[in-house]
Amino acid sequence: MEFVDVLAARKSVRSYSDRDVPDDAVSFILEAANSAPSAGDLQAYEIVVVRDKSVKAKLARAALGQWFIAEAPVDLVFLANPERSRWRYGSRGERLYCIQDATIAATFAMLAATSLGLGTCWVGAFDDRAVLEAIEAESPLIPVAIISVGYPAEEPRTTPRRDIRELASLDKLGNPYPYKPVEPKLRRPAEILI
Ligand SMILES: Cc1cc2nc3c(=O)[nH]c(=O)nc-3n(C[C@H](O)[C@H](O)[C@H](O)COP(=O)(O)O)c2cc1C
């Protein structure tokens with residue numbers, strides 16, 4: 001899949017078929033996460049790959065009963081690791097960079113999964129302590145996201161977005177950016193840059 005197609009295909013999937021996700025696919029997804037940028041290249045995060053049914057059920061409960069987490073063949077739990085970032089960056093690393101590192105890695109993982117035809121959903125609504133307990137991890141690790149991964153059993157709906165003219169500014173906040181939509185036939189990056 002071309003990058004633009006991956007972006008267009010990624011939509012939150014909350015229903016999964018029984019078809020398993022092969023280990024090779026998980027490796028591919030982990031390699032993508034591992035290639036993400038991170039502050040000082042410290043990669044201040046941990047990833048727990050969850051396949052065990054009872055652990056998935058605990059995660060679903062920790063996520064306030066979002067049962068598609070248990071239905072998905074694989075869940076990836078991304079944890080920020082403040083200590084990994086703190087030794088070099090102090091409180092900024094502890095408070096901000098480790099969360100950003102984990103978030104970017106999780107995003108790379110989602111897009112890699114999408115490129116394989118898999119469905120994903122970013123889950124952020126959960127009880128931190130219950131997530132840590134489910135995967136036998138401890139504070140100061142901070143659960144940032146549970147990414148459910150599996151073959152879609154639903155056609156994900158298209159969700160609305162803010163108008164770019166409303167969210168982007170030029171030079172100063174609130175100064176409208178003169179956004180013009182890219183013509184559909186120019187959407188291939190090589191053609192945009194020519
Ligand atoms: C930080 C964050 C937290 C989210 N938490 C949840 C969640 O707990 N449960 C859920 O079903 N979706 C969750 N989502 C998915 C969003 O609902 C979804 O991305 C949004 O509605 C846009 O839809 P799309 O992903 O299909 O483009 C979360 C997404 C993000 C980025």
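Reader: What makes the order of the four strands in the open sheet, and which pairing do they have?

Author: This is a predicted model, in which local features need pLDDT of at least 70, side-chain atom pairs count only at pLDDT 80 or more, and totals for chains, interfaces and linings use all residues. Residues are numbered from 1 along each chain as its sequence is written, and side-chain values use heavy atoms, leaving out hydrogens and water. Strands are DSSP runs of E with at least two residues, helices runs of H or I with at least four, numbered from the N terminus. Two strands pair if DSSP finds at least two bridges between them. The order is β1-β2-β4-β3, with antiparallel pairing.

Reader: Why do β1 and β3 stand at the edges?

Author: Each has a single partner strand, so one side of β1 and one side of β3 (119–123) lack a neighbour in the sheet.

Reader: How do you know that β1 and β2 pair?

Author: Six bridges join these antiparallel strands, and at least two are required; β1 and β2 therefore pair. Val49 has Leu76 in β2 as its bridge partner.

Reader: Which residues of helix α3 are called buried?

Author: Buried means under 20% relative accessible area, exposed over 50%, and partly exposed in between, with a 1.4 Å probe and protein chains only. In α3 (residues 53–62), Val55, Lys56, Ala57, Leu59, Ala60 and Ala62 are buried. Their cover includes β1 (45–50), α4 (68–71), β2 (74–80), α6 (128–134) and β4 (142–150), where contact means heavy atoms within 4.5 Å.
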